[in-house]
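The sequence and the model are shown first.

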Amino acid sequence: MPINKGVLTSSRSNDDLYTPFYAVDPILKYLPKTSKIWTPCDESWSAFPRKLREEGFDVVRTSLAEGKDFFTYEPPEWDVVVTNPPFSIKDNILERLYQLGKPFAVLLPLNSLQGKSRYEFFKQGIQILAFDSRICYHNPENMEKPVKGSPFATAYFCRDLLPQDLIVEHLEEYERPLKEA
């Protein structure tokens, strides 16, 4: 079996990966149009708040850079969390999401299904929206187009959003820069 050298030689933290617009598209049809969507890990230029607003959703966007820490801040009104959180703190993110008790859709590495601490949350209910190919993410040096060849698969981990617990869909890729030049 070949060795995945991308994982072995990568020096980049998985926290420096930004969602491309095409990866937002698949979750749109599962979000109730009347929902107020909270994107707690997103900057104003991020794909989630921009695409959701373009599609007519009411969006509350917050970020740590603005002093609104997801672990201590909660907007007065919101219905669903949708975001791509830092992967290095996924256990803390999931714990907070389950404490909040509302629907969510977060992009996480697919291998997040494994883990004793996450098992305690997932046994309460989890839904997966997975894809026929890997999402290619932007990084700080590549905001014009996503970097091809992601070394890991990601999926939407959801609660109380999908019509069934596992959905696998075709991922339609296209390029759109995150930050305009």
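A residue counts as buried under 20% relative accessible area, as exposed over 50%, and as partly exposed in between (1.4 Å probe, protein chains only). Helices (H or I, at least four residues) and strands (E, at least two) are DSSP runs, numbered from the N terminus. The model is predicted, so local features need pLDDT of at least 70 and side-chain atom pairs count only at pLDDT 80 or more, while totals for chains, interfaces and linings use all residues. Residues are numbered from 1 along each chain as its sequence is written, and side-chain values use heavy atoms, with hydrogens and water left out.

Six of the eight residues of helix α3 (residues 47-54) are buried: Ala47, Phe48, Pro49, Arg50, Lys51 and Leu52. Just after α3, Gly56 has a positive phi of about 90°.

The open sheet has seven strands in the order β2-β1-β3-β4-β6-β5-β7, with mixed pairing; two strands pair if DSSP finds at least two bridges between them. From one strand to the next, the twist averages 25°. The parallel strands β3 and β4 are joined by three bridges, and Val81 has Phe104 in β4 as its bridge partner.

Axes are lines fitted to C-alpha atoms, for helices over the stretch in contact, and angles run from 0 to 180 degrees between N-to-C directions.

| Helix | Strands | Angle |
|---|---|---|
| α3 | touches β1, β2, β3, β4 and β6 | about 160° with β2 |
| α4 (residues 90-100) | lies across β1, β3, β4 and β6 | about 165° to β4 |

Technical notes: Contact means heavy atoms within 4.5 Å.
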